[in-house]
Amino acid sequence: MIELNDVHKSFGKVEVLKGITASVEKGEVVCIIGPSGSGKSTILRCINGLESYDRGEISVEGLKVDRDAPSIVNIRTQVSMVFQRFNLFPHRTALENVVEGPLFVKKEPRAQVLERGRALLAQVGLAEKADAHPPQLSGGQQQRVAIARALAMQPKAILFDEPTSALDPELVGDVLGVMRKLADDGMTMVVVTHEMGFARDVADRVLFIDGGVIVEQGPAKSVLNQPQHARTQDFLRRVLHPL
Amino acid sequence: MKGFWHDAAEFFPILMNGVALTIVVTIGSLLLSTVLGLVWAMMRVSGIKALSMLSASLINVIRGIPIIVLLFYLYFVMPDLGVTLSALQAAILGLGIAYSAYQAENFRAGIEAIDKGQIEAAQSIGMGWWLTMRRVVLPQAVRIVLPPYGNVMIMMLKDSSQASTITVAELALQGKLIASSTFKNTSVFTLVALMYLTMSIPLILLVRHFEKRAGKR
C-alpha cells in the first residue's frame, strides 16, 4: 500500500536518507525505531509530502507522492498523521478539531460529520471533552483528540511521529492503548517510536534505521529479541538498559 | 477661562464639521490600508519568490516616502498624468497607501508567529494554502495582530490631520481657518486638541482591551 523505493533526501549538505526501500502492506503495523537524527521522522514526513525527497520514489496505493502536484491533497486525505507535539488547533474545540478536515477539505455533510466526530471522541475516551479547547486538556488528552482528528478523515493509513515522546510518563499508556485498539481493528499504521514494549507487542514488523539507511528489518519479535546486526544490538541495549 | 467657554460654544459647531471629515478620512484610509496591508502580507508569505520580492520592495518604497509628499503627489501631480482626484479621495488614498506598509509588516509578523506545526497539521488533513490561511493561520494571527492594529488606528486618526495640507477641511484645517480669521489661537487650538483627544481615548481603551485579551492565551 505504501511503497518506498531507493528514497534519498538531503537537508543542505547533510544526507539524512541514503536510499530507503521499504513497503507497508494493508492492515500492517510497522514500527520505525532508531537513534535520534537517524531519519525516522523524515521518512514519515516524506510519505505524506510534508517534506520533499530528492531521489527515488514513494507511492501510496500506486499514486506517486509529489508534494508539488495537486494529487498530494488526495494522498493526504488518505494518509493521516499524528504529531509528536499534537498540533491541535488551539482556537477550536476538541470536536471542531476532529471535524475540520471532513467538513472543510472533504466537504462532507455537516450533521453526519458531527455525529462521527462525537463517536470518534467517545472511541478515544473523551466524549465529555467535546467542547473543551486544547489548552484545557492534558497532553495525553490532546494526543487522543489528535488521533480522533486523524481518524475522522477515514484514512487508509495513519502515520504516527513519536506520538508519546512529549507526554508525561503516566499519560503514555492511555495513548498507546488507543493505538493498540486501532491496530487490533486492522488500521494500517506506521509508527516512529521509542516505546519498545509497544513495538514488540503491537507491531507486525520493525525497521531499525541508523544513519539514513535501514540497518535491519523483520518481524517485531525477532528484531527486538534477537537483533542480528551489531548496531541494532547496541541501540536496543542502550534503550532497554540505559543504566 | 470664561472667554474660552464662550469661544468654544461659538466654534464648536464649525469644528464638528471638521470632525466629521476627520472620521471619514480615518475610517476610509484605515479600511484601505487594512486591505492593501493584507494583500502585501499575503504576497510576502506566499512562498512565491517573485510575489514576495515585489511586496518587499513596494513596502520599502512606501515606507521611504513621507506621507505629506505622497499626498502632494496624488493631489498635485496625478492631474498632470490625467488622473484627477478630489482632495478627499487623494487624502484617503494617500494615507491608506502610506499606512498599508506598516499594516503589512504587522500582519506578516502575526502570521509568522504562528507555530509551524499548525501549518503542518493543516496540510496533513489535506488543506491547501488558502484554506490553511483562512481556517488555521489567520484566526490565530488576529489575536496577535490586534493590539498593534489598535495603535495604528490611533496614529491614523492623528495623521489624518495631514490631509489639511491638500485642502481637506478636516478638524485641523477648520481650526486653522477659524484661528487665522479670529486670532483666537489659544481657544481654537486648545479646543482642537481636546477634540482629537476625545476621539483617541476610546481607541486607547480598545487597545488596552485587545492587549488584555491577547495576554490571556
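Guide: Buried area is the accessible area (1.4 Å probe) lost by two parts when they are put together, summed over both. Between chain B and chain A of this predicted model, that area is about 1,800 Å², with carbon and sulfur atoms giving 55% of it. B:Ser124, B:Ile125 and B:Arg135 supply 34% of the area that chain B buries against chain A, more than any other three residues. The contact (heavy atoms within 4.5 Å) takes 24 residues from chain A and 17 residues from chain B. There are 2 salt bridges between the two chains, each defined as a side-chain nitrogen of Lys or Arg within 4 Å of a carboxyl oxygen of Asp or Glu. B:Arg135 forms a salt bridge with A:Glu100, and the closest N and O atoms of this pair are 2.7 Å apart.

Within chain B, helix H2 (residues 49-64) packs against helix H4 (residues 87-112) at an angle of about 125 degrees, and their axes are 8 Å apart.

Residues are numbered from 1 along each chain as its sequence is written, and chains are lettered from A in the order in which they are written. Local features need pLDDT of at least 70 and side-chain atom pairs 80 or more, while totals for chains and interfaces use all residues; side-chain values use heavy atoms, without hydrogens and water.

Note on methods
Axes fitted to C-alpha atoms, helices over the stretch in contact; angles between N-to-C directions. Helix = DSSP H or I, 4+ residues; strand = E, 2+ residues; numbered from the N terminus.
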